Structure formats: structure tokens, C-alpha cells
Amino acid sequence: MKGDWVEIVIEAGDGSKTYEVTATRAGRRVEVIARRGVVEVNEVTRSGVVVRTARFMSSRVVALVEHPAPRRPEPFRLRASGNGSPD
């Protein structure tokens, strides 16, 4: 969902570096995949097409934090009592 972002902290030789991958448009999401010694962070469209990719060696990753976008509250719903009033 737009607004989702992942923060990746990498151990560098002289300290640490921070990278961010953000879902930049409506309908996009950020996916994190860890496999074979590599952490991959992808921005993906609704249809599953990868727009951006960031790859890091898992031995260098110090922290990986997922920040979900704030979700909208559900709209007011009427009860199924049949009379149309909420109570």
C-alpha cells in the first residue's frame, strides 16, 4: 500500500549506512525476501511487476524494519437488523 516503507541498516567498514525503500504510488507495496545469504527488498505493483529492487548481503544487515502505512478506518456499517437504523 502507498506509504509502506522498509528501513535497512547495513554494517559498513567505518560505521553503518541506512537505506529506505518506499511504496511510492497507490496500489504498490513493499516486499522483503531473504534467501541464500541475500536480503531483497522489492517495490511491487498490484499485478506483481517489480518496479525497484534493493539487494543486500544478509551478513551485513544489522537491522531491517518494516513500517506499514496507517490504514484508513472502516466506514460506518449498518447492522443487519433490517430496519436501517444503526442501533
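This is a predicted model: local features need pLDDT of at least 70, side-chain atom pairs count only at pLDDT 80 or more; totals for chains, interfaces and linings use all residues.
Entry 1: I began with the strand order and found an open sheet of three strands, β3-β4-β5, with antiparallel pairing. Which strands stand at the edges? They are β3 (29–35) and β5 (50–57). Each has a single partner strand, so one side of each is left without a neighbour in the sheet.

Entry 2: Next I followed β4, residues 38–44, along β5 and found seven bridges in the antiparallel sense. Within this region I noted that Val39 has Phe56 of β5 standing opposite.

**Entry 3: the loop residue.** I then turned to the loop between β3 and β4, where Arg36 is found. Phi of Arg36 is near 50°, and this positive value belongs to a residue other than glycine. Is Arg36 buried or exposed? I have it down as exposed, with a relative accessible area of 86%.

**Entry 4: the core.** Last, I looked up the largest nonpolar core, which has nine residues. I wrote them down as Val6, Ile8, Ile10, Val21, Ala23, Val30, Val41, Ala54 and Phe56. At least two residues of this core come from each of β1 (5–12) and β5. Which strand gives the most? That is β1, with three residues.

**Entry 5: a core member.** I picked Ala54 to check its contacts. Leaving out residues up to four places away in sequence, Ala54 touches Val21, Val39, Glu40 and Val41. Val21 and Val41 are listed in the core as well.

Technical notes: Residues are numbered from 1 along each chain as its sequence is written. Side-chain values use heavy atoms; hydrogens and water are left out. Two strands pair if DSSP finds at least two bridges between them. Helices (H or I, at least four residues) and strands (E, at least two) are DSSP runs, numbered from the N terminus. Buried means under 20% relative accessible area, exposed over 50%, partly exposed in between (1.4 Å probe, protein chains only). A nonpolar core is a set of buried Ala, Val, Leu, Ile, Met, Phe, Trp, Tyr and Cys residues joined through side-chain atoms within 4.5 Å. Contact means heavy atoms within 4.5 Å.
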